[in-house]
Amino acid sequence: KTQEPDPADGVVFEAEILTGEYYGEYYTPNAGNYYIFFSDYGFNEDGNLLTNSIYYQLDVYGALYEGEAVNGYIPLPEGTYTLDVNDTMAVGTIGATYSCYMKTNSSEIEVEDSFDAAELVVAADGSCVLTAMVGGVKHTVTFSGESTISDKREVNQGAENVEMAAGAAYAYYYGDQYTPGT
């Protein structure tokens with residue numbers, strides 16, 4: 001961290017924290033849904049973004065994890081994951097809708113940009129390398145250490161139907177942008 005990266009290399013970021021939540025197949029049948037963040041400082045005790053911090057948010061779809069959580073945490077499965085602009089939620093993909101680069105300043109989110117392209121490589125030891133294009137700039141994110149991906153499978157089991165009176169409802173129609181001809 002004492003040496004500045006060469007500008008030709010783009011942004012080089014060594015994440016101190018890999019955290020997130022594992023939902024199993026609750027939202028994605030036949031694929032494990034890992035909603036993760038690479039960060040320098042993480043989140044506050046209420047789960048909110050910290051000031052003057054960097055976040056790489058990814059919605060990753062991997063193999064289902066059938067094992068028990070270790071101290072409440074689930075490992076990110078070994079493999080290569082690529083950005084899927086169609087959000088098919090297929091194993092081996094990163095969903096585009098909820099994946100982005102964020103940077104906070106002293107009072108708010110200063111930058112929130114989607115990925116133009118992204119590839120995440122997870123090694124057997126849990127270390128990771130994320131290579132992402134953000135606004136035409138290459139970002140290389142590395143992480144080695146213990147991740148803290150919370151096991152949310154049990155929280156979603158046995159969920160009951162809940163009635164709610166919404167004050168407003170919004171929707172976006174994309175036509176056939178993501179499904180040509182449909």
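Reader: What does the side chain of Asp84 reach at 3.0 Å?

Author: In this predicted model, the side chain of Asp84 reaches the backbone nitrogen of Asn86. The separation is 3.0 Å. Asp84 itself sits in strand β5, residues 79-84.

Reader: How far away is the nearest side chain of opposite charge to Asp84?

Author: A salt bridge needs a Lys or Arg nitrogen within 4 Å of a carboxyl oxygen. For Asp84, the nearest side chain of opposite charge is Lys138, 22 Å away. Asp84 is buried and has no salt bridge.

Reader: Which residues is Asp84 in contact with, leaving aside neighbours within four places in sequence?

Author: They are Met89, Thr93, Ile94, Gly95 and Ala96.

Reader: Now Met102. Is Met102 buried or exposed?

Author: Buried means under 20% relative accessible area. Met102 has 4%, so Met102 counts as buried. Met102 belongs to strand β6, residues 93-104.

Reader: Which residues does Met102 touch, not counting those up to four places away in sequence?

Author: Among them are Phe37, Leu49, Ile54, Ile109 and Val111. Gln57 is also one of the residues touched. Met102 and Gln57 are 45 residues apart along the chain, yet their C-alpha atoms are separated by 7.7 Å.

Reader: Why does Tyr172 count as exposed?

Author: Exposed means over 50%. Tyr172 counts as exposed because its relative accessibility is 70%.

Note on methods. Residues are numbered from 1 along each chain as its sequence is written. This is a predicted model: local features need pLDDT of at least 70, side-chain atom pairs count only at pLDDT 80 or more; totals for chains, interfaces and linings use all residues. Side-chain values use heavy atoms; hydrogens and water are left out. Buried means under 20% relative accessible area, exposed over 50%, partly exposed in between (1.4 Å probe, protein chains only). Helices (H or I, at least four residues) and strands (E, at least two) are DSSP runs, numbered from the N terminus. Lys and Arg count as positive and Asp and Glu as negative; His and the chain ends are not counted. A polar contact is a pair of N or O atoms within 3.5 Å; within protein, one must be able to donate a hydrogen and the other to accept it, and residues adjacent in sequence count only if both atoms are side-chain atoms. Contact means heavy atoms within 4.5 Å.
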